[in-house]
Amino acid sequence: MRVDELYNDEKLDKRDMTRNRIVNASLELFLNEGFRDTTMARIAKESEISRKTLYEYFKSKEEITTIIDMCLIREYNRIMEEAMPKLCGNGYNKLKQYFSIIDNNIDNFKDTIMFTGIYDYNVKTNEINSSLRDEFYDTIKQATGYLTEILKQGIEDGSIKDYIDPHLTANTIGDSWLSLAQRVFRRHKSLDMSEEECRKMITLQLSLFLEGLKA
């Protein structure tokens, strides 16, 4: 698994390429060795740069982790941004299609989901600078916005229950399925079930959301 680009520019300069190399080396270390056991010294070594050079790019591993998580969420946003114009029907039908996209893509984003768990457990947003924190929140807001938009349409056309708060509901759904997916992929053995059996729980959860929201 790699974060192929931190930037949208077609041509990256040497500094940008170094940043990308640091981010990808860090991603592999965090996934394979965990957040606590990954040090800035180890990141520098795996990135084939000095610690001094590393600190010229990033002040802490919390900052690196935030950027990685933000890049991974942006990939989710890219998929949803491409999918949204293709959704058809009333709000409820679009919601079914939206959940189907999530369900069909979860297995391809197993490492992404596990990484978000690493981030949520280990990094406090007050540990990163305000500009990066704001950028991170904006990325999450965009991710939630797609579902919020669908819920609003469903309320307006009468296909989704009209007493729900679209924004609050979208956040609740997003956090719920992501938390379950993290548990399925990281700790399915503790549930005394196979990963395949646990995986069905995510599909079931999305189905329950659909039933609960239908007008």
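This is a predicted model: local features need pLDDT of at least 70, side-chain atom pairs count only at pLDDT 80 or more; totals for chains, interfaces and linings use all residues.

By class, how many nonpolar, polar and charged residues does the lining of the largest pocket have? The table gives the breakdown.

| Class | Residues in the lining of the largest pocket |
|---|---|
| Nonpolar (Ala, Val, Leu, Ile, Met, Phe, Trp, Tyr, Cys and Pro) | 20 residues |
| Polar (the others, Gly among them) | 7 residues |

Residues are numbered from 1 along each chain as its sequence is written, and side-chain values use heavy atoms, without hydrogens or water.

The lining comprises 30 residues. Ile73, Ala143, Gly174, Trp177 and Leu178 lie nearest the pocket centre. Two or more lining residues come from each of α4 (61–83), α5 (91–105), α6 (110–122), α7 (130–157) and α8 (166–187). The top contributor is α8, with 8 residues.

A pocket here is an open set of points on a 1 Å grid over the protein atoms alone, where a 1.4 Å probe fits, with protein on both sides within 12 Å along at least five of seven lines; lining residues have an atom within 4 Å of a point. The volume is about 690 Å³, taken as the space filled by probe spheres set on the points.

The protein has 9 helices and 0 strands; helices are DSSP runs (H or I) of at least four residues, strands (E) of at least two. Its C-alpha trace spans about 60 × 40 × 30 Å along the principal axes. Of 215 residues, 46% are buried (under 20% relative accessible area, 1.4 Å probe, protein chains only).

Technical notes
Buried means under 20% relative accessible area, exposed over 50%, partly exposed in between (1.4 Å probe, protein chains only).
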